[in-house]
Every structure is written in C-alpha cells, then in structure tokens.
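Please look over the model below with these numbered points in hand.

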Amino acid sequence: MAQTKARGPRKLRSVNPRTGEQLAEVPATTKAEVLDSVAVARKVAPEWAALDARGRAHILKAVRHNIYSHLDEIVETISLECGKPRAEALSAEVLQAVVSWLYLERTAHRHLREERLGGPIGYALGLPTKAQYRPYGVVGAITPWNYPFGLALAALGPALFAGNTVVLKPSEVTPGVGEIVRSILEPLPVGVATVVQGAGNVGAALVDAPCDKICFIGSPETGRKIAAAAAQHLTPVVMELGGKDAAIVCADADLDLASSGILWGAFVNAGQTCAAIERIYVVDSVADEFSGLLLDKLGRLRQGASDSDVGSLTFKKQWDSVARHVSDAIGKGARLLAGGPDAGPENKNGSLWYAPTVVDGVSEDMEAMKHETFGPLVPIIRVQDEDEAIRRANEESFNLTASVWTRSGRRGVALAGRVKAGAVAVNAHGESWGAVWAPWGGVGESGYGRLNGRLGLHEFVYSVTIGRNATPGIKRLWWFPYDDATEDAFRHSIGALAAPGLKEKLEHVPAALDSLRRALKAKL
Ligand code: ADP
C-alpha cells in the first residue's frame with residue numbers, strides 16, 4: 001500500500017472572509033481515525049446495501065427534514081464562512097441539495113431496479129440476461145470550499161441512495177460547514193455517513209485507506225493526484241473539476257437578457273464556481289452594445305454585506321490567485337473595463353473583497369486565458385461570427401459547461417451541439433446543475449464520470465450481469481467437440497445474420513438448423 005506521509009494542521013481555522021475574524025477552530029481528524037471511520041463504514045456497508053432502495057430512501061428522508069429544521073443555522077454558517085450572500089447559500093447550496101435529495105428519494109428505486117436485457121435476440125441466441133446494480137461498498141467523498149454544503153450533499157446523495165456507506169472529507173477551508181453537514185447526517189445509522197475533517201493529507205489518507213470508490217469535486221491539480229493515488233488500489237474515481245466556461249453571444253442575441261444572464265454566470269459566488277463564465281465571446285456587430293449593457297448592470301451590483309449581490313472571496317490563496325491573474329492580464333496589455341485592484345470594498349484585517357472585474361484585449365499568453373481564475377474576472381473577446389466563437393471556445397481552453405445566447409432557440413441548440421463541454425445551455429448558463437434529473441459532469445480537463453440523474457446514481461453502483469441458460473436440457477453449440485457440423489452451424493448462423501438481403505439471409509436458415517441438430521447430437 002502506498003504510504004500517506006504528509007502531515008497537515010491539527011486544527012482547522014474557520015474564518016469570516018468578509019472581516020478576517022476567526023469564527024472557530026475545528027480539530028482535524030487523525031490518519032488513524034480516518035482508517036477507523038472507513039473500517040466502521042465497511043462493517044455496516046452490507047447491512048445498508050441489503051436494505052432495498054425504498055427502505056434506504058425512507059431513512060435518508062430524515063436528512064432533508066433536518067435541513068428544514070436547521071435552515072437558518074445552515075444558511076448563516078455558509079454565508080459567514082464563505083463570504084457569500086445569503087441568497088446564494090439558499091439557492092445554489094440548500095435548495096439545490098433539497099431538490100436533489102427529493103429526486104433521489106422518488107426515483108432511486110426505479111434507476112437501481114434489475115433490468116432484463118437482450119430481448120428476443122437474447123432468447124434466440126440462448127443468452128437471456130439481466131443486469132443487477134450493486135453498491136461498491138465504501139465511498140470516499142472529497143469536496144471543495146466554494147459550495148461546501150451543496151457539493152458535499154451532491155456527493156453524499158447518489159452514493160448513499162445507491163446503497164454505499166460514505167466517509168466524507170469536506171474542505172479544510174470551510175470546516176464550520178463541514179460540522180453542519182456532520183450534524184444534519186446525525187439521524188442516519190452509525191457508520192452510514194461519517195465526516196472526517198482535515199486538509200489534503202486527510203483526503204489522501206481516505207483515498208489510501210482504501211475506499212471502494214472515490215468521488216472528488218475540486219481542482220484539476222488535486223484531481224490528478226487523487227487519480228494517481230486511487231490507481232494504486234485500482235479504485236474507480238468520479239471527478240468533477242472546474243472549467244473556463246465560455247458564453248457565446250450571437251449577433252441575434254437578446255442583449256438585455258444576455259448581459260443579465262452573463263453578469264450572473266460570471267459573478268455568482270464571486271466567480272468561485274466550477275461552471276462560472278470565464279470567457280465571453282461576442283460577435284463584433286453587437287459587442288459594443290453588449291459591453292455597454294454588461295458594464296452598466298455591473299455598476300449596479302452591490303458588494304459588502306451578507307444580503308448584497310457579490311460576496312467576498314473565501315480564502316487568501318484564492319484572492320492572491322485572482323489578483324495575480326488580473327495584474328498579469330493588465331501587465332500584458334489587457335484593458336480594464338470595470339473593477340480591478342483598486343475597486344470594491346477596502347480590505348482591512350484580512351478581509352478578502354475583490355470587485356467584479358471585466359477586461360478586454362486579452363491574449364492567449366495571459367494567466368487568465370491559460371488557467372481557471374475561479375474568481376470575479378471575466379474577459380470580453382470580440383469575434384467575427386459564431387463559427388469563430390465556437391472554434392475559440394473549444395480550442396482556447398476547456399469548458400465544464402458553456403452557453404449560447406441567441407433569439408433563435410433552434411439555432412441555439414444547433415450551435416450548442418458543436419461546443420465541447422459537459423453541459424451547454426441556450427439563453428441561460430450553468431443552471432442544469434439544478435436540473436438534478438440530468439447527468440452533470442465534465443469532459444477532458446473538466447473531469448469525468450457524472451453526478452446527478454440516472455447516470456449520477458449509476459456512478460456509485462457496478463453492474464452484475466446474470467446470465468441464464470434458458471434451455472438447460474440442450475447442450476451448447478460452442479461446447480466440445482468442434483466437428484464439421486459445429487462449424488457449419490456457426491457459418492450458416494453468421495450467414496443468416498450478416499447477409500445483406502432478406503432472401504440471402506433466409507437461404508442460410510435450413511442449413512443452419514440442420515447442422516445445428518447434427519452438431520448438438522454429437523456434443524459430449
Ligand atoms: P479547491 O478546493 O480549491 O478546488 P482542491 O482541489 O485543492 O482545491 O481541494 C478540494 C478538496 O481536495 C479539499 O477537500 C482538499 O482538502 C482535498 N485535497 C487536497 N489535496 C488532496 C490530496 N492530495 N488527496 C486527497 N484530497 C486532497
């Protein structure tokens with residue numbers, strides 16, 4: 001087994017990024033405790049898996065009720081520790097989690113039901129089959145700080161409803177929300193869902209425990225490390241990473257709608273969203289009008305309080321990275337259209353405000369074009385037409401999601417079909433995360449595997465094919481001996497299936513049946 005050597009902090013600091021004030025300290029879980037948690041999860045896993053999907057849903061419903069009873073406390077903790085407006089904690093985190101939970105409560109039993117496969121051809125070939133879906137056992141879930149409640153529940157939901165037990169390691173940046181998640185899971189039987197707290201070293205210990213499946217939501221850099229560590233145990237991984245999502249504004253776009261939607265898509269959660277718009281490609285003929293509207297609306301955004309529109313950044317490393325992307329872009333010739341280092345609320349005593357920032361005149365050598373910014377910075381890029389926009393959206397960076405803005409729904413869908421991304425929206429951005437019945441995930445650098453929907457649930461089960469000999473009184477053509485009649489029966493069966501026309505197909509049938517009869521008689 002690969003050894004997890006790195007040490008992490010013994011205590012995690014919960015900080016209010018709007019003020020820099022410390023809120024609490026949360027003890028980190030030791031490596032030995034992580035291993036104990038996985039051992040307990042493994043011990044109770046068979047019992048949890050043995051409940052049918054409806055039985056599990058009945059128990060898991062208590063989590064949703066617990067969210068309802070503790071709503072104010074949950075929202076306050078998320079808002080305080082992330083620096084995000086309460087409206088965002090309510091919508092993208094809690095409402096999202098509740099909708100997803102409800103969807104799983106109502107549909108998991110259907111999605112996990114045994115399936116008959118093969119139909120008449122299966123019977124004709126003597127191979128009727130069924131697929132059963134069985135949980136892996138223990139899922140290790142590792143989640144980030146940007147939506148610490150919503151994403152923890154997005155990993156927990158499908159894993160638990162599918163019949164796995166889960167050990168969750170939330171982000172060390174938001175340990176207070178980690179404690180809240182722990183408390184809302186309390187009604188579940190011991191060991192079914194356990195929260196361990198700590199930094200990357202605790203996550204690494206969880207991967208190395210090992211678990212039977214890993215669910216990771218976070219950055220591509222950490223995703224690579226986790227995939228490599230999981231490979232030592234051949235543990236399958238589902239990972240949702242980030243994206244430098246493109247929004248494409250077509251010449252016929254409703255510019256009022258597009259500027260409002262793109263403003264939100266770029267600056268929701270202060271841009272710290274895996275599906276945030278990080279590139280706006282706008283067709284030249286409407287670029288001036290679009291930019292004017294976007295900048296006017298940006299000027300009306302409020303920043304600075306828990307009920308304002310744009311929150312603070314959540315932690316210092318992220319603030320530094322955003323500031324670096326902005327100064328690098330300006331240093332390399334980008335033009336600041338709004339925001340920037342001197343705008344926004346003043347930072348005192350470690351507060352982490354950064355104003356929503358728009359630039360143009362970007363080039364591919366800029367950090368902000370090469371790497372995910374994960375913050376409130378978005379470039380406007382003028383293009384000649386929609387074809388250029390799509391080419392550059394696909395080539396210049398990677399998308400978790402993307403959006404196309406046009407008055408023609410039909411054209412929008414056609415253009416969406418040409419964008420490389422895990423989800424593409426027309427006249428909206430990123431919101432299919434809320435369409436919990438639809439698969440969600442990335443492609444290439446933005447991740448692999450799916451959360452949400454039937455595919456998301458199936459990410460946490462493996463299929464077992466149950467084959468049945470439907471004619472046990474008759475021996476198989478492919479058994480010994482391999483005589484001439486056996487070969488003829490195969491040849492004519494292939495002819496009956498592969499010949500181009502019906503007439504030619506039928507010509508093989510009598511010989512196939514005759515040789516089959518002779519061959520079967522001689523089987524040992
Ligand atoms: P971000 O939260 O900025 O997206 P990361 O991808 O670094 O950043 O972190 C996501 C989650 O992965 C966090 O819970 C973090 O503690 C965890 N993590 C970081 N490094 C490792 C690692 N080597 N092995 C397992 N988990 C890790």
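1. The second largest cavity is lined by Gln 96, Ala 97, Ser 100, Gly 150, Leu 153, Ala 154, Trp 433 and Asn 452. Its volume is about 30 Å³. A cavity here is a set of points, on a 1 Å grid over the protein atoms alone, where a 1.4 Å probe fits but cannot get out; lining residues have an atom within 4 Å of a point. The volume is the space filled by probe spheres set on the points, with grid points joined across faces, edges and corners.

2. This is a predicted model: local features need pLDDT of at least 70 and side-chain atom pairs pLDDT 80 or more, while totals for chains, interfaces and linings use all residues. Residues are numbered from 1 along each chain as its sequence is written, and side-chain values use heavy atoms, without hydrogens or water.

3. Which helices each supply at least two residues of the lining of the second largest cavity? They are H4 and H6. Helices (H or I, at least four residues) and strands (E, at least two) are DSSP runs, numbered from the N terminus. By class, this lining has four nonpolar, four polar and no charged residues. Ala, Val, Leu, Ile, Met, Phe, Trp, Tyr, Cys and Pro count as nonpolar; Asp, Glu, Lys and Arg as charged; the others, Gly among them, as polar.

4. The count is two cavities of 30 Å³ or more. The largest cavity has a volume of about 60 Å³. Its lining includes Tyr 103, Leu 104, Pro 158, Val 436 and Leu 457. Ser 100, Ala 154 and Asn 452 also line the largest cavity, and these three residues line the second largest cavity too. Helices H4 (86–111), H6 (150–161) and H16 (453–458) each give the largest cavity at least two lining residues. Six of its lining residues are nonpolar, four are polar and none is charged.

5. Turn to the open spaces. A pocket is an open set of points with protein on both sides within 12 Å along at least five of seven lines. The second largest pocket holds about 660 Å³ of space. It has 22 lining residues, and Ala 124, Leu 125, Leu 477, Ser 493 and Leu 516 are the closest to its centre. The lining has 17 nonpolar, three polar and two charged residues.

6. What are the polar contacts (pairs of N or O atoms within 3.5 Å) of the ligand? Among them, a side-chain N or O atom of Trp 145 is 2.9 Å from a ligand oxygen atom. A polar side-chain atom of Lys 169 also lies 2.9 Å from an oxygen atom of the ligand. A backbone N or O atom of Ala 204 lies 3.4 Å from a ligand nitrogen atom. The protein covers 85% of the 550 Å² of accessible area that the ligand has on its own (Shrake-Rupley method, 1.4 Å probe).

7. Last, the strands. Two strands pair if DSSP finds at least two bridges between them. Strands E3 (residues 115–117) and E4 (residues 129–135) pair antiparallel over three bridges. Arg 116 has Lys 130 in E4 as its bridge partner. E4 also runs antiparallel to strand E18 (residues 461–467), joined by seven bridges. Here Tyr 133 stands opposite Ser 463 in E18.

Key: A polar contact is a pair of N or O atoms within 3.5 Å; within protein, one must be able to donate a hydrogen and the other to accept it, and residues adjacent in sequence count only if both atoms are side-chain atoms.
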